[in-house]
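This report describes selected helices and residues of one protein model. Please look at the sequence and the structure first.

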Amino acid sequence: MGIQKIEVARGIHWIEIAQAGLRVLCGCPADAVKHLIKRGLIVSQEVKGVACETGPNAILFSDVSLQHGDFANLAEFPVLQMLYKQGLILPGHPNNTGRKPMLIGSAEQVESQMRYVYRGNYGLVSGEEIAETGVPATQAAEMMRLKLKFAFGRIQPSSDFLDTRIVGDAVVEIAEGVSLRRLRSNVFEFAHEGETVTVDLNLRSGETYECAYPLGYHRFIPEYFAVIHSGEGDGWDVNRPCMSSIITYQGRVYLIDAGPHLAKSMAALGIGIDQVDGIFHTHAHDDHFAGLTTLMGAGRRIRYFATPLVRASVAKKLVALLGIEEENFADYFDIHDLKFDTWNDVEGLEVMPVFSPHPVETNIFVFRALWGDGYRSYAHLADIVSMGVLEGMVSKDAKAPGLDRQACERVRAAYLSPATLKKIDVGGGMIHGSAEDFRGDASERILLAHRASELTPEEKEIGSSAAFGTVDVLVAGQSEGMRRHAFEYLSTSLPAVPLHDLRMLVNHPMTEINPGAIILKEGETPRELLLLLSGQVEKLRTRDQFYAGLSAGSLIGAAAALDDRSSRHTYRALSFVRVMRLPIGLYSEVVRRNGLLERMRRTAELRAFLETTDLFSEGLPVAAFGRIVDEAQERRFRPGESVAGRDLQMLNLIRSGRLERSVGSKVLDVLQEREFFGEEGAIFKVPYLTHLRVLEETAVVQIPGDLLKSVPILRWKLFEKYHRRVANVVHGGDETQLFVWRDAFSIKVAQMDGHHRHLIEIANAIIEHLHAEVDQESLLKAIDALVDYTQYHFSAEEKLMALYNYPGARGHGNKHGQLILQVAGFRQGVLEGRVPDKSSFMHFFKTWMVRHVLDEDRKYGAFLNARGVY
């Protein structure tokens, strides 16, 4: 057989054409390498006496960066496996034939992955970027010396060791005699010597990427101060999650790092995402980073704790993956910067971040809590270096790559500082630690982690191991955290209820429900209400293909009890679940005597509709949902009506009817019941790129955007849909009617390429408003958006040029001033009634912005590329 195809896991396929020497990993979400290992597609071998591994030599990317809230393309570990474990670029290695590993896909995804791999290799790439985080210039220079030591003296662009093939509309040859074409979005056809094979990288509705290892179920018991072990492996371990921990303190839950398949790890531990109070982040490598999307999909902004140095490295990698602005990081997380080498107080829990040598910016953490006659402490030493490697980096030459003796001793002292409990990376090699260095460590208890293999007998003499879900209790005592949370949930869902009524309700027993247990069946009449306090519960009605998740604070059985009817859904525990049992009669009386019955019924009715939509299917915090219920309104549209103005400043969810969405003369899609529109204006504050025409009588629920912007799970889902739609228009539209992004526009600086794409998006929105029945208000809003974003973009551009002392910065800035005057004049003309036609505006934009990008921006782009900025 010429072409071998293997379905590896959901969204991951293997294509091998032995005759052409081609082995393609198709789709590379988190832990794709682990799936290949489990399927026997990566195995150990020996080539000409050199030990190495088999594996892919090419990767085909998904057309979209996100699928169902998870990263669809994470090439960091597959690339590392090809380069180093297979030896494809190692000097003198028998597998190094001069043929570079190949990245294949759309121009947008290939460019994104090249930048992301670059950031994954190096993190911050210049002294200027490091200094921007507040590090003094002399210390930034020292950090760059150290970084260059890890980088063997030179920071290399990804193109030095990776080849690329762009799959556009035409057939492309990817190897001798092998061609590839896109049949439709995310569906590709390989052809070789008359044989063809199709690969579909789309996930179906309700599907997620698979976890490579089983996790089982574990009880979540929040001790006063404890460490739950949520991962002891590394990025290659096929049996365990990557090194991470969860700290409980006074009823609060804090994560240390966010590795792949975080949602599944949390479910196995019986912790809901909305129970997480914050994350402490060590660094941006994928085995500590890939789970950020899970936290970005929470019902509120989770607190993000890291030093500004680490945060900047993480944000730049996220920007490379998603094409968002760096400041958008704060849209999804509540940022709390920590100071190095200082005890930072986090509501009584003290944490000290300490700089640790690594290829990317990294801090280890030490946590402590006052107890008894002193402190109990936990040290989390993720991705450290061995003392041998550290010694080898010491250089007396202050200009040579490496570090000085004083810095080396500071790191050694930090690593060996005793703690009550210390978890250590002992992965070995150039960038990980060694257990032997801690043989004399004075800590009370040592745990060894961050490796794929079993501990050696010698290592077992030094430290313990910890299975997934086990707990080290540093200060015993189960606080009243659960009951405190119950009080908060009830006070939010029952506004204006007196304190004595709330105290009466929370004075009821809590109980545990086993994983897999049915809590309430469809058709059953609830005998009591269950307030969900921890764990994960699904709500389903399979005949309608209805599946939803509940967040902590949900009240199971309330809607049925208030209307004295049976349940319309089945509720099932997905993990160990803790609930508070409330008598129906007592709860109903509290609702009735406080005049809340109609509000509760309206809440139940609106929730019933919203949960049928993909947007709201995963549940929301009680507080967020309450605000939505109070502010949501219904709006009706007549057939033939165009949706514009204020209606596009709200998020609209369709209850009934249909609308047609188009760009120019091209119909993009037809929106139907349970779909939505208006997120551009409501959430992202950009002009609407498409035209909406009502096909039949349509009823929608309108929700003000300000209520949704602070709910990350909604913002995340809206971004995923919006990003996909804009990419289709900006990258694949009709060039006779719209501006289409072309590779020639790229200046090879990710941040500025993103800005230029957004300017094209706004220009296309203006074009959509230039028709005979022009809505003057909407047109002016679109033009104002162009003016505002132009000023923002020019300011960012000038700041970047100044940071790197670009010699042409002054002249470039003068040209910016001229361009701003031109676009302001264009706006004034529209205000005075001189509305241009589409061709006139397209000519204006082309001469105004596109020529500037091609003629001027390319110059500073080349200058910055030479400084390692891409």
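Predicted model: local features only at pLDDT ≥ 70, side-chain atom pairs only at ≥ 80, totals over all residues.

Residues are numbered from 1 along each chain as its sequence is written, and side-chain values use heavy atoms, with hydrogens and water left out.

**Helix pairs**

Helices (H or I, at least four residues) and strands (E, at least two) are DSSP runs, numbered from the N terminus. Two packed helices are described by the angle between their axes and the distance between the axes. Axes are lines fitted to C-alpha atoms, for helices over the stretch in contact, and angles run from 0 to 180 degrees between N-to-C directions.

| Helix pair | Angle | Axis distance |
|---|---|---|
| α3 (residues 107–122) and α9 (residues 308–322) | about 165° | 7 Å |
| α23 (residues 750–769) and α26 (residues 838–866) | about 175° | 11 Å |

Angles under 35 degrees count as roughly parallel, over 145 as roughly antiparallel, 65 to 115 as roughly perpendicular and the rest as oblique. α23 is therefore roughly antiparallel to α26. In their contact (heavy atoms within 4.5 Å), Met752, His756, Leu759, Ile760, Ala763, Ile766 and Ile767 of α23 meet residues of α26 including Phe841, Met842, Phe845 and Met849. The residues of this contact of α23 with α26 divide into twelve nonpolar, one polar and two charged. Here Ala, Val, Leu, Ile, Met, Phe, Trp, Tyr, Cys and Pro count as nonpolar, Asp, Glu, Lys and Arg as charged, and the others, Gly among them, as polar.

α3 and α9 are likewise roughly antiparallel to each other. On the α3 side the residues are Ser112, Gln113, Arg115, Tyr116, Arg119 and Gly120, and these meet Lys316, Lys317, Ala320 and Leu321 in α9. The contact of α3 with α9 consists of three nonpolar, three polar and four charged residues.

Met600, Thr603, Leu606, Phe609 and Leu610 are the buried residues of α18. Buried means under 20% relative accessible area, exposed over 50%, partly exposed in between (1.4 Å probe, protein chains only). Among the elements that cover the buried residues of α18 are the helices α14 (481–493) and α19 (622–631) and the strands β37 (650–656) and β42 (698–704).

Helix α2 (residues 76–85) is largely enclosed by the rest of the structure, because seven of its ten residues are buried. These are Glu76, Phe77, Pro78, Val79, Gln81, Met82 and Leu83.

**Single residues**

Serine 778 is located in helix α24 (residues 776–803). With a relative accessible area of 12%, serine 778 is buried. Leaving aside residues up to four places away in sequence, serine 778 touches Ala644, Gly645 and His769.

Alanine 400 sits in the loop between α11 (387–393) and α12 (405–416). Not counting residues up to four places away in sequence, alanine 400 touches Arg145 and Ser395. A distance of 41 Å separates the C-alpha atoms of alanine 400 and alanine 466, which are 66 residues apart along the chain.

Alanine 407 belongs to helix α12 and counts as buried, at 13% relative accessibility.
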